[in-house]
Amino acid sequence: MGLLTFSINVTLDGCVDHQEGIVDDETHALFTRLLDESGAMLWGRVTYEMMESYWPAVARGGEEAPPALREWAVKLETKPKYVVSSTRKDFPWTNSHPIAGDLRMGVQKLKDATPAGVLLGSGKLATELDRLDLIDEYKLLVHPRLAGHGPTLYQSGLPATRRLELVSAKPLRCGAVAMHYRRAR
(Lines give C-alpha, C1' and ligand atoms only; values in the text may rest on other atoms or scores of the structure.)
Protein backbone atom coordinates (compact mmCIF):
# COMPACT_ATOMS: atom_id res chain seq x y z
CA MET A 1 0.00 0.00 0.00
CA GLY A 2 1.29 3.44 -0.91
CA LEU A 3 1.23 6.50 1.31
CA LEU A 4 -1.10 9.43 0.78
CA THR A 5 1.03 12.58 0.99
CA PHE A 6 -0.56 16.02 1.19
CA SER A 7 1.70 18.57 -0.48
CA ILE A 8 0.93 22.23 -1.03
CA ASN A 9 2.39 25.73 -1.01
CA VAL A 10 1.43 27.68 2.10
CA THR A 11 2.27 31.11 3.51
CA LEU A 12 3.19 31.65 7.15
CA ASP A 13 -0.41 32.67 7.90
CA GLY A 14 -1.80 29.50 6.30
CA CYS A 15 -2.88 30.89 2.93
CA VAL A 16 -2.91 28.30 0.14
CA ASP A 17 -3.79 30.67 -2.72
CA HIS A 18 -1.58 29.40 -5.56
CA GLN A 19 -0.67 32.98 -6.52
CA GLU A 20 0.95 33.77 -3.15
CA GLY A 21 3.97 31.47 -3.31
CA ILE A 22 7.45 32.14 -4.64
CA VAL A 23 7.88 30.64 -8.09
CA ASP A 24 11.45 29.90 -9.15
CA ASP A 25 13.50 27.03 -10.52
CA GLU A 26 14.28 25.66 -7.05
CA THR A 27 10.63 25.51 -5.93
CA HIS A 28 9.62 23.90 -9.21
CA ALA A 29 12.46 21.38 -8.92
CA LEU A 30 11.16 20.44 -5.46
CA PHE A 31 7.63 19.79 -6.75
CA THR A 32 9.01 17.95 -9.79
CA ARG A 33 10.89 15.60 -7.42
CA LEU A 34 7.68 15.02 -5.45
CA LEU A 35 5.86 14.25 -8.68
CA ASP A 36 8.63 11.85 -9.75
CA GLU A 37 8.50 10.05 -6.40
CA SER A 38 4.74 9.50 -6.47
CA GLY A 39 2.67 7.04 -8.44
CA ALA A 40 -0.37 9.28 -8.93
CA MET A 41 -1.87 12.71 -8.25
CA LEU A 42 -5.13 13.29 -6.36
CA TRP A 43 -7.14 16.51 -6.58
CA GLY A 44 -10.58 17.88 -5.94
CA ARG A 45 -12.52 19.23 -8.91
CA VAL A 46 -11.59 22.89 -8.40
CA THR A 47 -7.86 22.17 -8.29
CA TYR A 48 -8.14 19.79 -11.24
CA GLU A 49 -9.89 22.45 -13.32
CA MET A 50 -7.28 25.07 -12.39
CA MET A 51 -4.46 22.68 -13.38
CA GLU A 52 -6.28 21.50 -16.51
CA SER A 53 -6.70 25.07 -17.72
CA TYR A 54 -2.94 25.65 -18.02
CA TRP A 55 -0.57 22.68 -17.74
CA PRO A 56 -1.64 20.58 -20.76
CA ALA A 57 -0.97 23.58 -23.04
CA VAL A 58 2.48 24.04 -21.45
CA ALA A 59 3.25 20.33 -21.97
CA ARG A 60 2.27 20.57 -25.67
CA GLY A 61 4.30 23.76 -26.18
CA GLY A 62 1.20 25.92 -26.70
CA GLU A 63 2.19 28.22 -23.82
CA GLU A 64 5.53 29.93 -23.32
CA ALA A 65 7.26 28.55 -20.24
CA PRO A 66 10.77 28.30 -18.79
CA PRO A 67 12.45 24.86 -18.92
CA ALA A 68 11.62 23.99 -15.27
CA LEU A 69 7.92 24.63 -15.86
CA ARG A 70 7.88 22.70 -19.11
CA GLU A 71 9.60 19.73 -17.42
CA TRP A 72 6.94 19.76 -14.69
CA ALA A 73 4.14 19.99 -17.27
CA VAL A 74 5.43 17.10 -19.37
CA LYS A 75 5.77 14.85 -16.32
CA LEU A 76 2.34 15.89 -15.06
CA GLU A 77 0.84 15.08 -18.46
CA THR A 78 1.85 11.41 -18.18
CA LYS A 79 1.19 10.99 -14.44
CA PRO A 80 -2.11 9.32 -13.49
CA LYS A 81 -4.44 12.00 -12.13
CA TYR A 82 -7.43 11.13 -9.92
CA VAL A 83 -10.23 13.58 -9.24
CA VAL A 84 -12.88 13.68 -6.53
CA SER A 85 -16.01 15.41 -7.76
CA SER A 86 -19.73 15.02 -7.19
CA THR A 87 -20.60 17.40 -10.03
CA ARG A 88 -18.26 16.60 -12.91
CA LYS A 89 -18.13 13.27 -14.72
CA ASP A 90 -15.95 14.01 -17.77
CA PHE A 91 -12.18 14.33 -17.29
CA PRO A 92 -10.56 14.60 -20.75
CA TRP A 93 -7.02 15.54 -19.64
CA THR A 94 -4.60 12.68 -20.40
CA ASN A 95 -4.55 9.95 -17.71
CA SER A 96 -7.35 11.54 -15.65
CA HIS A 97 -9.76 9.33 -13.72
CA PRO A 98 -12.69 10.04 -11.41
CA ILE A 99 -12.96 8.73 -7.85
CA ALA A 100 -16.64 7.97 -7.59
CA GLY A 101 -18.80 6.69 -4.78
CA ASP A 102 -17.70 6.48 -1.18
CA LEU A 103 -14.73 8.81 -0.61
CA ARG A 104 -13.04 6.67 2.06
CA MET A 105 -13.30 3.49 0.01
CA GLY A 106 -12.28 5.16 -3.26
CA VAL A 107 -9.16 6.81 -1.83
CA GLN A 108 -8.17 3.72 0.18
CA LYS A 109 -8.49 1.64 -2.97
CA LEU A 110 -6.27 4.14 -4.81
CA LYS A 111 -3.66 3.99 -2.03
CA ASP A 112 -3.75 0.19 -2.08
CA ALA A 113 -3.27 0.12 -5.86
CA THR A 114 -0.43 2.69 -5.91
CA PRO A 115 2.67 1.35 -4.13
CA ALA A 116 4.71 4.45 -5.07
CA GLY A 117 2.19 6.59 -3.21
CA VAL A 118 -0.37 9.25 -4.04
CA LEU A 119 0.36 12.97 -3.97
CA LEU A 120 -2.61 15.05 -2.81
CA GLY A 121 -2.62 18.69 -3.85
CA SER A 122 -6.02 20.11 -2.86
CA GLY A 123 -6.64 21.99 0.38
CA LYS A 124 -10.37 21.37 0.79
CA LEU A 125 -10.01 17.72 -0.16
CA ALA A 126 -7.16 17.37 2.34
CA THR A 127 -9.50 18.46 5.13
CA GLU A 128 -12.02 15.79 4.17
CA LEU A 129 -9.36 13.09 3.82
CA ASP A 130 -7.80 14.07 7.14
CA ARG A 131 -11.22 13.72 8.78
CA LEU A 132 -11.27 10.19 7.35
CA ASP A 133 -7.76 9.53 8.75
CA LEU A 134 -6.36 8.78 5.29
CA ILE A 135 -3.40 11.21 5.06
CA ASP A 136 -0.06 9.67 6.03
CA GLU A 137 2.41 12.47 5.34
CA TYR A 138 2.53 16.23 4.83
CA LYS A 139 5.09 17.92 2.58
CA LEU A 140 4.45 21.62 2.82
CA LEU A 141 6.45 24.35 1.15
CA VAL A 142 6.17 27.21 3.65
CA HIS A 143 6.74 30.59 1.99
CA PRO A 144 8.10 33.62 3.87
CA ARG A 145 4.98 35.66 3.28
CA LEU A 146 1.90 36.81 5.16
CA ALA A 147 -0.95 36.87 2.67
CA GLY A 148 -3.59 38.26 5.00
CA HIS A 149 -6.35 36.43 3.12
CA GLY A 150 -7.61 32.96 2.34
CA PRO A 151 -8.18 30.31 1.41
CA THR A 152 -6.31 28.80 4.34
CA LEU A 153 -5.34 25.30 5.39
CA TYR A 154 -8.07 23.42 7.23
CA GLN A 155 -10.38 26.43 7.05
CA SER A 156 -13.41 24.32 7.94
CA GLY A 157 -11.62 22.64 10.85
CA LEU A 158 -10.84 19.13 12.00
CA PRO A 159 -12.55 17.11 14.74
CA ALA A 160 -9.30 16.83 16.72
CA THR A 161 -5.69 17.99 16.70
CA ARG A 162 -3.36 15.93 14.51
CA ARG A 163 0.02 15.15 16.05
CA LEU A 164 2.86 15.10 13.53
CA GLU A 165 6.51 14.04 13.63
CA LEU A 166 9.10 16.11 11.80
CA VAL A 167 10.96 14.09 9.18
CA SER A 168 12.92 16.95 7.63
CA ALA A 169 13.08 20.70 7.13
CA LYS A 170 15.10 22.14 4.27
CA PRO A 171 15.47 25.88 3.67
CA LEU A 172 15.52 27.04 0.05
CA ARG A 173 17.48 29.98 -1.31
CA CYS A 174 14.30 32.06 -1.71
CA GLY A 175 13.57 31.78 2.03
CA ALA A 176 10.84 29.14 1.75
CA VAL A 177 11.23 26.00 3.87
CA ALA A 178 10.32 22.52 2.63
CA MET A 179 8.73 20.79 5.63
CA HIS A 180 8.15 17.03 5.72
CA TYR A 181 5.98 15.63 8.50
CA ARG A 182 4.60 12.18 9.15
CA ARG A 183 1.47 11.39 11.13
CA ALA A 184 2.29 10.35 14.68
CA ARG A 185 0.38 7.10 15.16
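Proline 151 is found in the loop between strand S6 (137-143) and S7, helices (H or I, at least four residues) and strands (E, at least two) being DSSP runs numbered from the N terminus. The peptide bond that leads from glycine 150 to proline 151 is cis, with omega near 5 degrees. The loop between S6 and S7 also holds tyrosine 154, whose phi is near 50 degrees, a positive value in a residue other than glycine. The model is a predicted one, in which local features need pLDDT of at least 70 and side-chain atom pairs count only at pLDDT 80 or more, whereas totals for chains, interfaces and linings use all residues. Residues are numbered from 1 along each chain as its sequence is written, and side-chain values use heavy atoms, with hydrogens and water left out.

The strands form an open sheet of eight, in the order S4-S3-S2-S5-S1-S6-S8-S7 and with mixed pairing, where two strands pair if DSSP finds at least two bridges between them. Strand S4 (96-99) and strand S7 (164-171) each have a single partner strand and stand at the edges, so one side of each is left without a neighbour in the sheet. From one strand to the next, the twist averages 25 degrees. Strand S2 (residues 40-44) runs parallel to strand S3 (residues 81-84), the two pairing over four bridges, and glycine 44 stands opposite valine 84 in S3. By contrast, S7 and strand S8 (residues 177-183) run antiparallel and are joined by seven bridges, with alanine 178 in S8 as the bridge partner of lysine 170. These two strands, S7 and S8, form a hairpin with five residues between them, and glycine 175 in the turn has a positive phi of about 100 degrees. Helix H5 (residues 103-113) lies across strand S1 (4-11), S2, S3, S4 and strand S5 (118-120), and runs at about 140 degrees to S4; axes are lines fitted to C-alpha atoms, for helices over the stretch in contact (heavy atoms within 4.5 Å), and angles run from 0 to 180 degrees between N-to-C directions.

A search of the whole structure finds eight aromatic pairs, a pair being rings of Phe, Tyr and Trp (its six-membered ring) with centres within 6.5 Å, counted as stacked when the planes are under 30 degrees apart, edge-to-face when over 60 and tilted for the rest. Tryptophan 43 and tyrosine 48 form a tilted pair, 6.3 Å centre to centre and with 50 degrees between the planes. Tryptophan 43 is buried (under 20% relative accessible area, with exposed over 50% and partly exposed in between, for a 1.4 Å probe and protein chains only), its own value being 2%, and tyrosine 48 is buried at 0%. Tryptophan 55 and tryptophan 72 form an edge-to-face pair, 6.1 Å centre to centre and with 75 degrees between the planes. Tryptophan 55 lies in helix H3 (residues 55-60) and tryptophan 72 in helix H4 (residues 67-78), so the pair ties together parts that are 17 residues apart in sequence.
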